[in-house]
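Try each task before reading its solution.

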Amino acid sequence: MKVKWKPIQGLVSLGVGLLLFSSIAPSAAAFTVQQSVTNEDNISVNIKQIDNFKNLFSNVHAKPSDSLAQTLVSVLSHDKVGENGNLTVFATVRDVLKYTYPNATEDQLNGLTINGEQAVNWLHHVGYTATLVNRPLTTEEIKKELDASDPIIPILTNQNKDNWLDESLAGVLYAHDDVEAGTEKLHKSFIETIGLGEAMVEDGQEAQPITFPEQSSAIDPIQSNDKYLWAQTIMNVK
C-alpha cells in the first residue's frame with residue numbers, strides 16, 4: 001500500500017530541552033519521520049520520530065487482552081492518504097477479533113485476544129504488508145526501520161508470573177535518539193504502550209528486560225515487579 005502523510009512539524013522534549021523537528025517526507029511511504037540534528041555547547045543530539053506516534057494511546061482505554069489488537073487499530077488510524085488526509089482504514093478491535101474468530105459469538109469475543117501471527121494475517125487482510133520476526137530488533141535495525149518511516153510494533157511478554165492479567169503487552173517503538181554530552185552518551189529507543197505509558201530502551205539492550213516507570217511505581221506489589229521481554233516484532237507495516 002502506497003500512502004503519504006502531510007508533513008507535520010512538532011515540538012518535543014526528551015530531557016535535553018525543547019527541540020523543533022524538521023520534516024522528512026518520503027515520496028511513497030505509509031508514515032513519515034521527523035529528524036532533528038543539533039550540536040551546541042558540547043551537546044550533540046540526533047532524534048528520529050515517526051509523526052504523531054508520541055502519545056498515540058493517550059485517549060485509548062483498552063483491556064490488557066486487547067493490547068495487540070488495539071495497537072494495530074491505533075497505528076492504522078494514523079495512516080492517511082490523499083490531499084484531504086482521509087483515513088485508509090477505519091477499524092475497531094471488534095473488527096480484528098471477528099476476522100480472526102469468524103465463528104465466535106459476540107459473548108465469546110469478549111474473552112478472546114490475538115497473537116503476532118494473527119495480527120499479521122489481519123494486516124494483510126486489510127491491504128497492508130507486514131512481517132513478524134520472533135525476536136527484538138537490534139539498534140541498527142531500529143534505526144533502519146525509522147529511516148524508512150516504517151512502524152515498529154514490539155510484542156512484550158511479562159516475566160512476572162504472578163501477574164497473569166498482564167502477561168503480554170504490545171506497543172509502538174516511535175522514536176530513537178543519540179544524545180552525547182561530553183563523555184556521557186544517552187542512546188536509546190522509546191516505546192509507547194497502552195496503559196503503561198512509555199519505556200526507554202538503551203541501545204544494545206533490546207533483548208534485556210524492559211521496565212515501565214508507571215508499573216514499577218504501582219501500589220500493588222505484584223504489578224510493581226513486572227518486567228517485560230521483547231519477544232516478537234511486527235515490522236514492514238505499509
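**Exercise 1.** Which residues touch the most other members of the largest nonpolar core?

Solution. The model is predicted: local features need pLDDT of at least 70, side-chain atom pairs count only at pLDDT 80 or more, and totals for chains, interfaces and linings use all residues. Residues are numbered from 1 along each chain as its sequence is written, and side-chain values use heavy atoms, without hydrogens or water.

Step 1. Define the core: buried Ala, Val, Leu, Ile, Met, Phe, Trp, Tyr and Cys residues joined through side-chain atoms within 4.5 Å. Buried means under 20% relative accessible area (1.4 Å probe, protein chains only).
Step 2. The largest such core holds 50 residues. Leu68, Leu72, Leu123 and Ile234 touch the most other members.

**Exercise 2.** Find what leucine 72 is in contact with, leaving aside neighbours within four places in sequence.

Solution. Contact means heavy atoms within 4.5 Å. The partners are Ile114, Ala119, Trp122, Leu123, Ile153 and Ile234.

**Exercise 3.** Describe how α1 and α4 cross.

Solution. Step 1. Locate the helices (DSSP runs of H or I, at least four residues, numbered from the N terminus). Helix α1 spans residues 67–77 and helix α4 residues 116–125.
Step 1. Their axes, lines fitted to C-alpha atoms over the stretch in contact, come within 10 Å and cross at roughly 30°. That makes α1 roughly parallel to α4 (angles under 35 degrees count as such).
Step 2. List the contact: Leu68, Leu72 and Leu76 of α1 meet Gly116, Ala119, Trp122 and Leu123 of α4.
Step 3. Sort these residues: 6 are nonpolar, 1 is polar and none is charged. Here Gly counts as polar.

Terms used: Axes fitted to C-alpha atoms, helices over the stretch in contact; angles between N-to-C directions. Helix = DSSP H or I, 4+ residues; strand = E, 2+ residues; numbered from the N terminus. Parallel < 35°, antiparallel > 145°, perpendicular 65-115°, else oblique.
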